[in-house]
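User: I'd like to learn how to read packing in a model like this one. Can we take it feature by feature?

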Amino acid sequence: MDRPSINTLSDLARLAGVSASTASRALAGNPVIARATRERIAELARDHGFQLNHAARNLRLRRTQSIAVVLPLGHETGQPVSDPFFVTMLGHLADALTERGYDLLLSRVIPADDKWLARLVDSGRVDGVIVIGQSDQVAALDRVAARYRPLLVWGAHLPGHAHVTVGSDNRLGGRLAAQHLLDIGRRRLAFFGLPSGPEIAQRQQGFMDACTTFGVADTAVTVPVHLAADLAHANIAEYLDRHGAPDGIVAASDVVAMSALRALAERGIGVPGDVAVVGYDNVTLAAHTSPPLTTISQDIARGAATLVDLLLRSLAGETIGSVMFEPRLIVRGTSGCGAAPSE
């Protein structure tokens, strides 16, 4: 007996005993369809050599199966895509999107006006947008978020603003970093970072919270340091040459912390004996510095998975809200595990 011929989606649906729309969703990997049903329909399609015309389906649904991941560099124009935080986040996002059947369209933007995001979402090139970092573009994000649902931002939680965010509690992270240094006896603390963007500003606020609690706010300093490695090193070197070294540094990122380690070593300043250092992000390289870097972990993998999940739920018509994770202190060699500063 000849097996039935499958030339169309309707043929496959009849053979599987489901509707054409169910068969289409199953072949697209839509999680709304039960896994067993998806696997059974996919097996039938393979056995009969049937392939869904994804281009025609996407055109009919007005879908591109692509998600834009945007890095807006409004105030940190020198920060490269090769920054370890960006590389880590992009890797996790690419994995999560691929698993859900989407392509990733990467865009590094140095905004020339406040319409850059509007042009992207109105271009028809993508089904949704994930923005990494608010930079100084909060107003542009809010303006688009008010009319465009599938928009997610990795960044600081800003109550009262229109855009939905996923990120860590940056203020708590800054406080944990400074408190750790104060707990091990450091009293002349410096925050190395540029508080122009919301995430860094909140970390600096947390740093000052801890300094205020310990009664050292009057001597704590904030040193403007860019996030790009070469610029950070130059900023830190200039500060050390003019003012000398504090006995504890909270860095706005692991890259800034690594730049500080380099500048301190060039001047014969010991870590952690003379200066204890805490970074932020817990990128892979942080465990491989010399000494290994104490840092604040944001759980970037979890953040990427949450961004993708919320974005696709928004595309499916769900109402979504912001998510904020609690950061963790990872103690390694640059804070000396309790060592007091050298006399």
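User: Which residues touch the most other members in the largest nonpolar core?

Analyst: First, a caution: this is a predicted model. Now the general idea. In soluble globular proteins, nonpolar side chains tend to be buried together. Here the largest nonpolar core has 40 residues, and Phe192, Phe207, Ile236, Val256 and Val277 touch the most other members. At least two residues of this core come from each of α8 (170-183), β6 (189-192), α9 (198-213), α10, β8 (248-251), α11 and β9 (276-281). The helix α11 gives the most, six residues.

User: What does Phe192 touch, not counting residues up to four places away in sequence?

Analyst: Phe192 touches Val223, Val225, Ile236, Tyr239, Ile249, Val250, Ala251, Ala252, Val256 and Ala260. Two names on that list, Ile236 and Val256, are also among the residues that touch the most other core members.

User: Let's turn to helix pairs. At roughly what angle do the axes of α10 and α11 cross?

Analyst: Start with distance and angle. Helix α10 covers residues 229-243 and helix α11 covers residues 254-266. Their axes come within 8 Å and cross at roughly 45°. That angle makes α10 oblique to α11. The crossing of α10 past α11 is right-handed.

User: Which residues of α10 and α11 meet?

Analyst: An α-helix has 3.6 residues a turn, so residues three or four places apart point the same way. From α10 come Ala229, Asp230, Ala232, His233, Ile236, Ala237 and Leu240. They meet Val255, Val256, Ser259, Ala260, Arg262, Ala263, Leu264 and Glu266 in α11. By class, the residues of the contact of α10 with α11 are ten nonpolar, two polar and three charged.

User: Take one residue from each side. Is Ala232 buried or exposed?

Analyst: Ala232 has 0% relative accessibility, so Ala232 counts as buried. This residue lies in helix α10. Leave aside neighbours within four places in sequence, and Ala232 is in contact with Val225, His226, Val256 and Ser259. For a C-alpha view, take Ala232 and Met258. They are 26 residues apart along the chain, and their C-alpha atoms are separated by 9.3 Å.

User: And is Ser259, on the other helix, buried or exposed?

Analyst: Ser259 is found in helix α11. At 6% relative accessibility, Ser259 counts as buried. Beyond neighbours within four places in sequence, the contacts of Ser259 are Ala229, Ala232, His233 and Ile236.

User: How far apart are the axes of α8 and α9?

Analyst: Their axes are 6 Å apart, and α8 and α9 pack at an angle of about 40°. The two helices are therefore oblique to each other. Their crossing is right-handed. On the α8 side are Asn170, Arg171, Gly174, Arg175, Ala178, Gln179 and Leu182. On the α9 side are Glu199, Gln202, Arg203, Gln205, Gly206, Phe207, Asp209, Ala210 and Cys211. The contact of α8 with α9 has five nonpolar, six polar and five charged residues.

User: At what angle do α5 and α12 pack?

Analyst: Helix α5 (residues 84-99) and helix α12 (residues 300-315) pack at about 45°, with axes 9 Å apart. That makes α5 oblique to α12. Again look at the residues. The contact is made by Phe85, Thr88, Met89, His92, Leu93, Ala96 and Leu97 of α5 with Ile300, Ala301, Ala304, Leu307 and Val308 of α12. They divide into ten nonpolar, two polar and no charged. The crossing of α5 past α12 is right-handed.

User: Which residues of α1 are buried?

Analyst: In helix α1 (residues 9-16), Leu9, Asp11, Leu12, Ala13 and Ala16 are buried. Their cover includes α2 (20-27) and α3 (35-47). Just after α1, Gly17 has a positive phi of about 75°.

User: Now the whole chain. How many helices and strands does the protein have?

Analyst: There are twelve helices and twelve strands. Of the 343 residues, 50% are buried. The C-alpha atoms fill a box of roughly 90 × 40 × 35 Å along the principal axes. Among contacts with a separation of 6 or more, 71% join residues 24 or more positions apart.

Notes:
Residues numbered from 1 in each chain as written. Predicted model: local features only at pLDDT ≥ 70, side-chain atom pairs only at ≥ 80, totals over all residues. Heavy atoms only, no water. Axes fitted to C-alpha atoms, helices over the stretch in contact; angles between N-to-C directions. Helix = DSSP H or I, 4+ residues; strand = E, 2+ residues; numbered from the N terminus. Parallel < 35°, antiparallel > 145°, perpendicular 65-115°, else oblique. Left-handed = near helix turned anticlockwise from the far one by under 90°. Contact = heavy atoms within 4.5 Å. Nonpolar A, V, L, I, M, F, W, Y, C, P; charged D, E, K, R; others polar. Buried < 20%, exposed > 50% of the residue type's maximum accessible area, 1.4 Å probe, protein only. Core = buried A, V, L, I, M, F, W, Y, C linked by side-chain atoms within 4.5 Å.
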